[in-house]
Amino acid sequence: MSMCQTLALLFNIVRLALREMFGSQEMESCNALAPDSLEEERAGFLCMRYAEQTRILSNAVLSSPGETNPTLRRAVETQAAKLSGRASSPTSPLPDEVERYVTKVALHAYKVTDRDIQALAEAGYSEDAIFELTLSAALGAGMARLEIGLNALKGDADATQSH
Amino acid sequence: MRLKVIELVLKDQPVSDIRRTLTYRAEVFGHPFSAYLQEILRGPSDWSVGERELFAAFVSRKNQCMY
């Protein structure tokens with residue numbers, strides 16, 4: 001084995017060890033922050049490796065300046081996540097036409113057609129507003145699936161039962 | 001309007017819906033999502049790039065998504 005290979009091997013071992021140590025410490029401290037709370041499931045998830053990227057993406061989709069109010073976008077995200085199996089806090093009611101669209105995006109996005117977009121446009125939503133609502137719904141649906149998957153890996157019985 | 005600009009800039013190439021979604025108001029979704037995707041699909045991992053692509057393809061198939 002050459003010097004170079006040995007160094008590379010050592011580097012990888014150190015990297016893996018550091019990741020393990022860092023990962024488990026992070027997990028413990030986060031669990032200590034939110035014991036037994038409703039948010040425990042999400043807190044556990046947010047302590048995972050990609051927490052920072054998840055946070056940046058969520059903030060960009062839900063809080064960037066746009067045509068729709070961030071409160072509405074958050075409600076859409078929560079509703080889509082709930083439909084996709086996230087056990088979470090109660091959702092605030094959405095306007096009927098938004099609720100219909102969010103349900104479609106969250107449960108069977110492949111069925112969305114121009115007619116759905118048209119219906120929202122006729123209800124007074126601009127194309128930018130529809131873009132933002134679509135992203136918020138997709139974010140909620142996607143994140144809920146990811147959380148359920150990660151919880152299943154941790155052996156969380158609740159997560160596997162509800163799906 | 002912005003979509004029109006994107007179409008003008010890319011007029012010689014067919015613009016896929018994926019590309020539109022990733023370039024339209026990229027600060028809202030495209031940029032953070034692409035960075036996330038890059039990290040997951042190409043960043044350090046115990047899974048090979050091929051395996052990760054296969055997971056992604058499987059999930060897309062489950063979602064009846066062509067991408």
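Trainee: Which residues have the most contacts inside the largest nonpolar core?
Mentor: A:Val61, A:Ala80, A:Val102, A:Val105, A:Ala137 and A:Ala141, in a core of 29 residues. A nonpolar core is a set of buried Ala, Val, Leu, Ile, Met, Phe, Trp, Tyr and Cys residues joined through C-beta atoms within 7 Å. Buried means 20 or more other C-beta atoms within 10 Å of the residue's own, with C-beta atoms placed from the backbone.

Trainee: Which helix supplies the largest share of this core?
Mentor: Helix 7 of chain A, with 11 residues. Helices are DSSP runs (H or I, at least four residues), numbered from the N terminus.

Trainee: And what does A:Val105 touch, beyond four places in sequence?
Mentor: A:Ala80, A:Val112, A:Thr134, A:Ala137, A:Ala138 and A:Ala141. Contact means C-beta atoms, placed from the backbone, within 7 Å.

Trainee: New topic. How many residues does each chain bring to the contact between A and B?
Mentor: Chain A brings 12 and chain B 13. On chain A's side, helix 3 gives the most, five residues.

Trainee: What about confidence?
Mentor: This is a predicted model; local features need pLDDT of at least 70, side-chain atom pairs count only at pLDDT 80 or more, and totals for chains, interfaces and linings use all residues. Residues are numbered from 1 along each chain as its sequence is written, while chains are lettered from A and ligands numbered from 1 in the order written. pLDDT is the predictor's confidence in each residue, from 0 to 100. Chain A's mean is 78.

Trainee: Where does pLDDT stay under 50?
Mentor: Over residues 20–36 of chain A.

Key
Contact = placed C-beta atoms within 7 Å. Helix = DSSP H or I, 4+ residues; strand = E, 2+ residues; numbered from the N terminus. Buried ≥ 20, exposed ≤ 12 C-beta atoms within 10 Å, placed from the backbone.
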